[in-house]
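The following exercises are to be worked with the sequence and the coordinates at hand. Each task is followed by a solution in steps.

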Amino acid sequence: MSKIIIAIDGYSSSGKSTMARDLAKRIGYVYVDSGAMYRAVTLYAIEHGMASTDKGMDTGKLIKALPEIEISFRPAGEDGIQHTLLNGVDVERRIREMDVSNLVSPVAVIPEVRKHLTSLQQQYGKERGIVMDGRDICTTVFPDAEMKVFVNASPEERARRRVLELVQKGADVNYEDVLKNIRERDHIDTTRKESPLKRADDAHLLDNDKMTIAEQMDWLLNLYKKITGSENRD
């Protein structure tokens, strides 16, 4: 059976990465977390004095630095998580912290950053057999993907999940701060000029506000089998 490209878009903290990673594992595909790529660029900008909540963004300096930013992924190990590497350094935990979360959307709206990372993401998809999640994967990165999914959940539910995830990782976070961050990111993502977040016309809507992870996986697998014609091949 020929492999396809699976593109999963949706709002921040809607569970895209978890379901994309798990789906890729179930069907033997490669998983790429595009959001981690934007977070890695944001972390680079923070560490090199190009971005802060106090001083704002040195956009010109960051654009010039893009060729120096190398992003790669390490396969999941004992923790079951695919780790993001920034110039060879494992930053998986660091890029999930709140200071990065607060600045990732302003970095992601920079057209040059989006074009640079879109090109890298499209390179990953040349061999097909890939599952990628993000906020413009269906509309910009892989507009011809055979399977497109748009994930949605309420801001309150997404904040609850995000807090739980961060607490489990040992972070000290406040629900109201996380909810505010999510709402701000939603606004930036949907109103940016370059590749705004929106549901592609041919994307299947998955509202997972009340769904368990197992129910989401069943939904995705059923859609995958329908699209690939493998419903009766189990």
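**Exercise 1. Determine whether Lys16 is buried or exposed, and which side chain of opposite charge is nearest to Lys16.**

Solution. The model is a predicted one.
Step 1. Lys16 is buried.
Step 2. The nearest side chain of opposite charge is that of Asp133, 4.9 Å away.
Step 3. A salt bridge requires a nitrogen and a carboxyl oxygen within 4 Å, and Lys16 has no salt bridge.
Step 4. Lys16 belongs to helix α1, which covers residues 16–27. Beyond its neighbours within four places in sequence, Lys16 is in contact with Asp133 and also with Ile8, Asp9, Gly10, Tyr11, Gly134, Arg135 and Val151.

**Exercise 2. Identify which element gives the most residues to the largest nonpolar core.**

Solution. 
Step 1. The largest nonpolar core has 41 residues, and those with the most contacts inside it are Val41, Leu62, Ile69 and Val113.
Step 2. The elements that give two or more residues to this core are β1 (5–10), α2 (34–47), α3 (59–65), β5 (71–74), α4 (98–108), α5 (111–124), β8 (130–134) and α6 (137–141).
Step 3. Of these, α2 gives the most, with 8 residues.
Step 4. Leu62 illustrates the packing: residues up to four places away in sequence aside, Leu62 touches Val41, Ala45, Met50, Ile69, Val107, Ile110 and Val113.
Step 5. Another core, of 20 residues, lies apart from the largest one; Ile6, Val149, Val151 and Leu221 are among its members.

**Exercise 3. Classify the aromatic pair of Tyr29 and Tyr224, then that of Phe73 and Tyr124.**

Solution. 
Step 1. The count of aromatic pairs comes to 3.
Step 2. For Tyr29 and Tyr224, the ring centres are 6.0 Å apart and the planes stand at 90°, so this pair is edge-to-face.
Step 3. Tyr29 is in the loop between α1 and β2 (30–33) and Tyr224 is in helix α9 (residues 213–228), so the pair ties together parts 195 residues apart in sequence.
Step 4. Tyr29 counts as buried at 10% relative accessibility, and Tyr224 is buried at 7%.
Step 5. Phe73 and Tyr124 are likewise edge-to-face, at 6.3 Å centre to centre and 65° between the planes. Because Phe73 lies in strand β5 and Tyr124 in helix α5, this pair joins parts 51 residues apart in sequence. Tyr124 is partly exposed, at 30% relative accessibility.

**Exercise 4. State which strands are the edge strands of the open sheet of 3 strands.**

Solution. 
Step 1. The strand order is β5-β6-β7, with antiparallel pairing.
Step 2. β5 and β7 (89–90) each pair on one side only and are therefore the edge strands.
Step 3. β5 pairs with β6 (residues 83–86) over 4 bridges, and Thr84 in β6 is the bridge partner of Phe73.

Conventions. Residues are numbered from 1 along each chain as its sequence is written. This is a predicted model: local features need pLDDT of at least 70, side-chain atom pairs count only at pLDDT 80 or more; totals for chains, interfaces and linings use all residues. Side-chain values use heavy atoms; hydrogens and water are left out. A nonpolar core is a set of buried Ala, Val, Leu, Ile, Met, Phe, Trp, Tyr and Cys residues joined through side-chain atoms within 4.5 Å. Buried means under 20% relative accessible area, exposed over 50%, partly exposed in between (1.4 Å probe, protein chains only). Contact means heavy atoms within 4.5 Å. Lys and Arg count as positive and Asp and Glu as negative; His and the chain ends are not counted. Rings of Phe, Tyr and Trp (its six-membered ring) pair if their centres lie within 6.5 Å; planes under 30 degrees apart count as stacked, over 60 as edge-to-face and the rest as tilted. Two strands pair if DSSP finds at least two bridges between them.
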